[in-house]
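Please consult the sequence and the model while reading.

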Amino acid sequence: MLLLFDIDGTLLSGATREHARALDGAIREVHGVNPDNLRSQIGPAGRTDGEIARLILLDLGVSARRIDERADDVREACCRIYAQICPPDLSDRVVPGIPDLLAFLAAREGVTLGLVTGNFEPVARLKLARAGIGRWFPARAGGFGSDSEDRAALPAIARRRVGKQAASGTSIPREDTIVIGDTPRDIACAWADGVRCVAVTTGQYGPDELADADAVARDAGELRVRLEELGA
């Protein structure tokens, strides 16, 4: 069973401020435009870093061609700036109960923990390392905003990547994969790949807004129950 966790709002709460500053700084550095006050207008929750940058830049009049040409530069600048400004300790941003849940799941036979996140991978790895929970997520186990701007593409990327590291060498089957996230976009990306999803209300969305998931959990304790009910 492959369990693919979102990060912001699911594993961590309140860990996006420096991340947002880094992406805005990268946009300024690479494109010479000011992204201030545009983030709230595009609704960044559940979007990939690349998609957020694209929507901001389009709103500022930057052409799609120019955005494509400089996408790698924005990613590299964002990761560099984030490494400079990321707080040394993010342990206070971990959602209550998550460390115990990850330890429990990692100890279960046949369970692999991975990530499906809109964060660029270096940002995701540093964020989790400084939160003290990075050890639960093996290197390259997941799909990241640096893999695709389209979040809907990430579960399939994660299944293929983890499968190549396994004995079979093929993608982890859809029926053996569950996405865990806190936004409607997490649910949509799971549906796009034909995998199941458990939504958590530890982010900004309530149970009614997450009702399309296969199951909804209020906290880490309830998430454990829901995952066990789904065979994890």
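Which residue is the bridge partner of V116 in β3? The partner is G143.

## Basis of the report

The model is predicted: local features need pLDDT of at least 70, side-chain atom pairs count only at pLDDT 80 or more, and totals for chains, interfaces and linings use all residues. Residues are numbered from 1 along each chain as its sequence is written, and side-chain values use heavy atoms, with hydrogens and water left out.

## The sheet

Six strands form an open sheet in the order β3-β2-β1-β4-β5-β6, and their pairing is parallel. Strands (E, at least two residues) and helices (H or I, at least four) are DSSP runs, numbered from the N terminus; two strands pair if DSSP finds at least two bridges between them. The edge strands, β3 and β6 (215-217), each pair on one side only.

Strands β2 and β3 run parallel and are joined by two bridges. In general, strands of a sheet pair through backbone hydrogen bonds, either parallel or antiparallel.

## Helix α8

Helix α8 spans residues 154-165, 12 residues in total, and reaches 17 Å from its first C-alpha to its last. That is close to the expected 16 Å, a value defined as 1.5 Å times one less than the number of residues.

The buried residues of α8 are L154, P155, I157, A158, R159, R161, V162 and G163. Here buried means under 20% relative accessible area, exposed over 50%, and partly exposed in between (1.4 Å probe, protein chains only). Among the elements that cover these residues are β1, β2 (112-116), β3, β4 (177-181) and α9 (184-193), where contact means heavy atoms within 4.5 Å.

## Aromatic rings

The structure holds one aromatic pair. The ring centres of F5 and F137 are 6.1 Å apart and their planes stand at 75°, so the pair is edge-to-face. Rings of Phe, Tyr and Trp (its six-membered ring) pair if their centres lie within 6.5 Å; planes under 30 degrees apart count as stacked, over 60 as edge-to-face and the rest as tilted.

F5 belongs to strand β1 (residues 2-5) and F137 to the loop between α7 (121-131) and β3 (142-143), so the pair ties together parts 132 residues apart in sequence. Both F5 and F137 are buried.

## Cysteines

The count of disulfides is zero, a disulfide being a pair of cysteine sulfur atoms within 2.5 Å. The sulfur of C79 is 5.4 Å from the closest cysteine sulfur, in C78, too far for a bond. C78 counts as buried at 0% relative accessibility, and C79 is buried at 16%.
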